[in-house]
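This report was prepared for a reader who wishes to relate sequence to structure. Please consult the entry below alongside the text.

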Amino acid sequence: MDGDGLRLNMNGLDYLILALYFVTVLGVGIAARRAIRTSVDFFLSGRSLPAWVTGLAFVSANLGALEIIGMAANGAQYGVMTVHYYWIGAVPAMVFLGIVMMPFYYGSKVRSVPEYLRLRFNRPTHLLNALSFAVAQVLIAGVNLYALALVMQALLGWPLWTAIVVGAAIVLAYITIGGLSGAIYNEVLQFFVILAGLIPVTVIGLVKVGGVNGLMDAVRDSKLGEAGLHAWQDTGSTANPLGAQWIGIVFGLGFVLSFGYWTTNFAEVQRALSAKNMSAARRTPIIAAYPKLFIPLVTVIPGLVALVTVKGLGAESGDLQYNNAIPLLMRDLLPNGVLGVAVTGLLASFMAGMAANVSGFNTVFTYDIWQAYIRRDRPDDYYVRVGRWATVAAVVVGIGTAFIAAGFSNIMNYIQALFSVFNAPLFATFIIGMFWKRMTALAGFWSLLLGTLVSLSLYLLYKGGVIDFNSDLEESFWGAGLAFVTAVVVAAIITPLTAPKRDAELRGLVYGMGGVDLKGDVLAGDAVWYRSPVLLGVIAVALAALFYIPVF
Amino acid sequence: MSNDGQPAQDPLIDEAQEEQRRSAAARLFDLRRVIGGLFVAYGVIVTLIGVFDSAAEIDKAQGVRINLWAGLVMLVFGLLMLLWQWRRPAEPPAPNEKQPGT
């Protein structure tokens, strides 16, 4: 372990593996083209996909750049506590989305998350959310792209701009040609390629440190110490690696941040809306919860292995930053062959993340901005063309924001924090609107706007040094919580003062108003007990709780 | 939740629902063939590399013949995907009509 230079020793066969992947991904995009005739085909895969496909795409859309690299980094930095991001910070929200919220999303036939707001509240609420979502997706796509380019530069020695343009061009090609089907099919493929890349690193890493027991002993001797092996033990105070109390973990991460992200983020929900019927749509996030339960095995464990085997890991800058945990292990442990698969897996994860942002963007831009406010009543083909151009625009702007991101050293943390905070008021507005039929359109608008402004102000005050928090993470817990409370209070104050919507307008959108048909489009075979969304969801949550026992 | 009636109507959504009648989504190919194909190819390549791995490569991987094992696992996974597709071909999606029992 010489520590200098992350450059991998890739040979021709490794590049062959990478090239095969590129060809396959483009082929999927081209082959998906013949299944596109209408805008619903292009933006929602014609609502035709089976649940296992949409479910794996759902989890893959989240396995982007920041996820794999970042969670391994968190594993090295915070230890086993990182599992909170999965078992309490994802699985319950995914199950909730499938069981409780999906009947309203899928049943009302809305084509996007902002469109739900248009039906439930009014056009200003819709436009506010559509615009903020569109801007956020392009920015995040740029950050993904930049992260991709950084890794390619470090690992393969490609110049930054080459990596950015090549990565962007491939994603652009398969989404422009193949629409959402191209994106989703590739996400499922990417899911398997990512695992094929990460599992060998994990296995050899474990062999190197002497198995699970060897790893635990080594972590006890590391700078994390015994605390690095426990998820809950020291959460009565903030004296634990994450610096968070259990109440912050449960309500901040497990409730507001996680429900905000998983249940209202259209880049995720879109995968479920493309499912072929109500049962498949409800099972989409729940099927995704199962792989999500196990992903810490291939992110947190490599992070811990890197912590105990790479001397000096955790530097502020240079090659030994926590973010390089997985690339460093790949360099040190993988021979040519599986090395090529691992590099392909990393690339696949970047593409999956970026494709989710871009396909979410083009749908919201076309349906919720262009069709709703700029050009109404054009033929359907027109909107497919708009969608294709929106994809091109998103990728080009994404390249631009990637170069902006290149100018900041820490922008990924900031953008993550910023947008996780954007999601909290949105979730509050949704959840009240879905369960309280009296909530008025104006109340929806002001809840969303003021909630967002409050969290944004807190963030800016924190960054400006006016208010102090222990960590960025603590700030995002508080920002999300405050935004949530603001949205609730605003809804409670404004609703009694304004006129409610008529009951007929709320059918299929609000709990208890009827109009939701869970069984009407059921296919033969969906009625069997092991395809019951509620049963599958309960098992997923129970497993998440069980998994905590050995690492309590 | 009651089952009576339809959700609230909206002109934009109704138009899209109308267009969906001429959807071409049924022409979408079966993804299992692509996953199976790619993993069989990867499996063959990586297994072959594994067969010819030198001592240096095996030492780098802590004495594990990782190429051989990973290659074989990918090969088996790819074949299973193809087998699944062959045994249970996709039913054509029919989002607008209720399907009779199979």
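## Basis of the description

The structure is a predicted model. Local features are described where pLDDT is at least 70, whereas totals for chains and interfaces use all residues.

## Contact between chains A and B

Chain A contributes 63 residues to the contact, and chain B contributes 50 residues. On the side of chain A that touches chain B, at least two residues come from each of helix 1 (12–32), helix 2 (39–44), helix 6 (91–107), helix 9 (160–209) and helix 15 (338–374) of chain A. Helix 9 of chain A provides the largest share of that side, ten residues.

Sorted by class, the side of chain A that touches chain B comprises 35 nonpolar, 15 polar and 13 charged residues.

## Packing of helix 9 against helix 13 in chain A

Helix 9 of chain A also packs against helix 13 (residues 278–309) of chain A: their axes come within 9 Å and cross at roughly 40°. Because of this angle, helix 9 of chain A is oblique to helix 13 of chain A. The crossing of helix 9 of chain A and helix 13 of chain A is left-handed.

From helix 9 of chain A, the contact involves A:L195, A:L198, A:I199, A:V201, A:T202, A:G205, A:L206, A:K208 and A:V209. Helix 13 of chain A answers with A:L297, A:V298, A:I301, A:P302, A:V305, A:V308 and A:T309. By class, twelve nonpolar, three polar and one charged residues make up the contact of helix 9 of chain A with helix 13 of chain A.

## The largest nonpolar core

The largest nonpolar core holds 223 residues, of which A:M94, A:L145, A:V171 and A:A325 touch the most other members. Helix 9 of chain A gives the most to this core, namely 25 residues.

Which residues is A:V171 in contact with, leaving aside its neighbours within four places in sequence? They are A:M351, A:M354, A:A355, A:V358 and A:V395.

## Chain B

Chain B contains four helices and zero strands, and its pattern along the sequence is α-α-α-α. Among the 102 residues of chain B, 31% count as buried.

Considering contacts in chain B with a separation of 6 or more, 78% are between residues 24 or more positions apart.

Terms used: Residues numbered from 1 in each chain as written. Chains lettered and ligands numbered in written order. Predicted model: local features only at pLDDT ≥ 70, side-chain atom pairs only at ≥ 80, totals over all residues. Contact = placed C-beta atoms within 7 Å. Nonpolar A, V, L, I, M, F, W, Y, C, P; charged D, E, K, R; others polar. Axes fitted to C-alpha atoms, helices over the stretch in contact; angles between N-to-C directions. Parallel < 35°, antiparallel > 145°, perpendicular 65-115°, else oblique. Left-handed = near helix turned anticlockwise from the far one by under 90°. Buried ≥ 20, exposed ≤ 12 C-beta atoms within 10 Å, placed from the backbone. Core = buried A, V, L, I, M, F, W, Y, C linked by C-beta atoms within 7 Å.
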